[in-house]
Amino acid sequence: MTKPSLPDLLHAAVSAVGGTERPGQVTMAEAVAEAIDDNSHLLVQAGTGTGKSLGYLVPALAQGERVVVATATLALQRQLVERDLPRTVDALHPQLRRRPQFAMLKGRSNYLCLHRLHEGVPQDEEDGLFDPFEAAAPTSKLGQDLLRLRDWSDETETGDRDDLTPGVSDKAWSQVSVSSRECLGASKCAYGAECFAESARERAKLADVVVTNHALLAIDAIEGAPVLPQHEVLIVDEAHELVSRVTGVATGELTPGQVNRAVRRSAKLVDEKVADQLQTAAEGFERVMELALPGRLEKIPEDLAYALMALRDAARAVITALGSTRDRSVQDEDAVRKQAMASVETVHGVAERITQGSEYDVVWYERHDRFGASLRVAPLSVSGLLREKLFTERSVVLASATLKLGGDFNGVGASLGLAPEGTTGDDLPVWKGIDVGSPFDYPKQGILYVAKHLSPPKRDGERGDMLDELAELMEAAGGRTLGLFSSMRAAQQAAEELRSRIPELPILLQGEDTLGELIKNFAADPKTCLFGTLSLWQGVDVPGTSCQLVVMDKIPFPRPDDPLMSARQKAVEEAGGNGFMTVAATHAALLMAQGAGRLVRATGDRGVVAVLDPRLATARYGSYLKSSLPDFWYTTDRNQVRKSLAAIDAASKAASD
């Protein structure tokens with residue numbers, strides 16, 4: 001039997017999902033197939049509207065080996081499992097003569113735990129478990145959420161939190177879920193045979209395609225205990241997010257509250273002397289943290305080092321004691337012990353990591369108004385980890401609408417542990433970068449306007465001229481504005497000021513409702529505007545006339561006092577590189593490319609991306625940032641932009657009449 005051709009398979013899949021074939025999609029599918037055949041690696045930039053999911057799914061399904069697809073967002077995971085994969089598998093079945101199986105797999109805490117649901121939650125102050133359903137008043141929000149979870153547990157097939165709509169609060173979910181460290185293990189648990197997390201793992205073991213998230217991929221790579229089944233091909237979608245997600249997983253944190261929780265959970269299970277040792281160490285740590293000032297600790301202060309060593313040693317003693325003592329008077333002792341062990345092991349792990357003082361780690365204090373002080377430790381770079389763990393045993397395809405920064409893939413490649421494209425060497429992964437373009441005609445569909453006449457933004461300074469400019473642009477656009485701000489404070493100030501200045505244009509503000517509701521309300525009414533910060537730069541998909549002006553208040557460089565970013569910048573400089581361009585400018589370019597990508601989501605979309613920061617036009621790094629953005633028509637003429645926005649607004653109103 002002749003092997004079906006890739007173009008034929010792609011055509012069948014595109015027809016099945018009701019899409020349109022794009023030249024970029026065909027190019028991408030061929031490049032993915034080639035990388036899999038050669039056992040090499042591919043970075044592929046596929047602009048919005050290319051149909052990149054099918055561009056990698058079709059060649060991956062055609063080659064017949066097991067594939068893991070890791071995405072950053074829940075929305076894309078759902079789209080793959082609920083829409084793209086079922087239709088693609090059906091469409092390819094006649095030609096492939098087989099029906100590839102697929103499954104979704106997430107971290108354990110995403111699934112309902114039947115043991116917690118039926119037996120209760122280990123209570124820090126009690127001798128065992130308590131029933132959260134009895135403890136929460138049925139009329140309270142928590143009580144209502146818990147009762148809904150109990151009803152849902154009888155009807156759900158997956159136990160996956162994301163299948164519960166509407167959702168429940170984190171507090172309610174924490175009463176019915178466990179982390180992998182707290183889990184008793186299927187063999188020791190009375191509910192092991194029905195466990196939702198275990199069922200998801202079993203389905204994944206049998207599947208040809210496993211859809212997961214970046215965090216689980218990172219845990220699988222870092223912790224050395226395989227969570228994902230063996231696979232020959234790894235596809236990382238939304239790959240621009242991978243480094244920050246892996247960094248997040250590799251970051252440790254210690255807070256006084258967390259340490260005190262570990263003390264309470266373990267005190268009843270070990271002898272008094274061992275419990276007192278941890279209690280004393282916790283008090284010493286709390287005293288040091290009361291005086292903590294935010295910022296990086298290039299050298300661990302003596303009082304903190306002493307407190308951490310005491311904490312490490314006391315936690316180690318408790319872990320040993322927990323492993324060797326038994327107390328049958330404690331109700332459901334195994335679950336209580338397991339939760340205590342998980343808490344104390346986390347404290348021990350972070351305290352030991354910081355006291356060991358690796359030159360590859362960055363340590364800093366943070367202060368939150370609500371949560372107080374925390375001590376954090378993160379890797380200076382995850383590039384070595386990624387090179388070693390991701391690129392050695394499988395073919396890896398990394399896809400995103402934004403991977404090419406400043407004209408090439410080497411910046412993103414370096415952050416992933418890849419040498420510059422084309423470099424050869426014994427242990428160097430072989431990779432290539434390919435930009436398959438976009439189906440959109442950016443110069444005709446969009447304008448990039450830089451407000452060159454404004455004063456440059458100063459750190460935490462008032463920007464009256466920027467707000468004047470923003471108000472005029474919003475009025476010219478008739479609303480239809482997505483405001484992307486570099487800080488929550490800036491977004492709140494702008495919303496407050498402009499709500500009183502232009503009351504006829506409703507302004508929604510991130511944090512005042514769930515992101516999903518805000519985006520839905522923004523899309524529903526063309527006059528409405530939406531202001532916010534980080535998650536809006538990447539998470540908004542509103543095609544059509546509701547989003548015709550995307551405004552960035554300033555270039556989103558990392559804050560100068562960001563301990564991790566400034567440490568990374570300093571390390572590049574000490575190695576003889578340009579720290580600002582490698583770290584700060586790359587960070588800003590990636591966010592700006594994502595932000596600008598919110599404007600044109602369909603072939604009929606028209607509009608303006610306005611950057612209210614003159615440095616994009618005047619600074620030396622401006623050309624690097626501009627070359628990372630879609631190829632919009634460029635201007636600094638404010639009158640021209642107002643006319644264009646007014647014309648786009650008039651055309652949209654006429655079309656809707």
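Reply: E238 counts as buried because its relative accessibility is 15%, where buried means under 20% relative accessible area, exposed means over 50% and partly exposed lies in between, using a 1.4 Å probe and protein chains only. This is a predicted model, in which local features need pLDDT of at least 70 and side-chain atom pairs count only at pLDDT 80 or more, while totals for chains, interfaces and linings use all residues. Residues are numbered from 1 along each chain as its sequence is written, and side-chain values use heavy atoms, with hydrogens and water left out.

Most residues other than glycine have a negative phi, and most peptide bonds are trans. E238, however, has a positive phi near 50°, and its place is in the loop between β7 (233-236) and α11 (242-249); here helices (H or I, at least four residues) and strands (E, at least two) are DSSP runs, numbered from the N terminus. R480 also has a positive phi near 50°, and this residue lies in the loop between α19 (464-477) and β15 (481-484). With a relative accessibility of 3%, R480 is therefore classed as buried.

Two strands pair if DSSP finds at least two bridges between them. By that rule β15 runs parallel to β18 (residues 549-552), to which four bridges join it, and T481 has L549 of β18 as its bridge partner. β15 also pairs in the parallel sense with β17 (residues 529-532), over three bridges, and there L484 stands opposite G532.

The aromatic side chains give another set of contacts. Rings of Phe, Tyr and Trp (its six-membered ring) pair if their centres lie within 6.5 Å, and planes under 30 degrees apart count as stacked, over 60 as edge-to-face and the rest as tilted. Seven aromatic pairs are counted by this rule. One of them joins Y442 and F632 edge-to-face, at 5.4 Å centre to centre and with 90° between the planes. Y442 is in helix α18 (residues 442-445) and F632 in the loop between α26 (622-627) and β20 (633-635), so that this pair links distant parts of the chain, 190 residues apart. F580 and Y621 form a tilted pair, 5.3 Å centre to centre with 55° between the planes. Because F580 lies in helix α24 (residues 579-596) and Y621 in the loop between α25 (615-618) and α26, their pair ties together parts that are 41 residues apart in sequence. F580 is partly exposed, with a relative accessible area of 26%, whereas Y621 is buried at 15%.

On a 1 Å grid over the protein atoms alone, a cavity is a set of points where a 1.4 Å probe fits but cannot get out, a pocket is an open set with protein on both sides within 12 Å along at least five of seven lines, and lining residues have an atom within 4 Å of a point. Grid points are joined across faces, edges and corners, and a volume is the space filled by probe spheres set on the points. The structure holds four cavities of 30 Å³ or more, and the largest cavity has a volume of about 240 Å³. This largest cavity is lined by 22 residues, with C113, H115, V178, C183 and L184 lying nearest its centre. The largest share of its lining, three residues, comes from α5.
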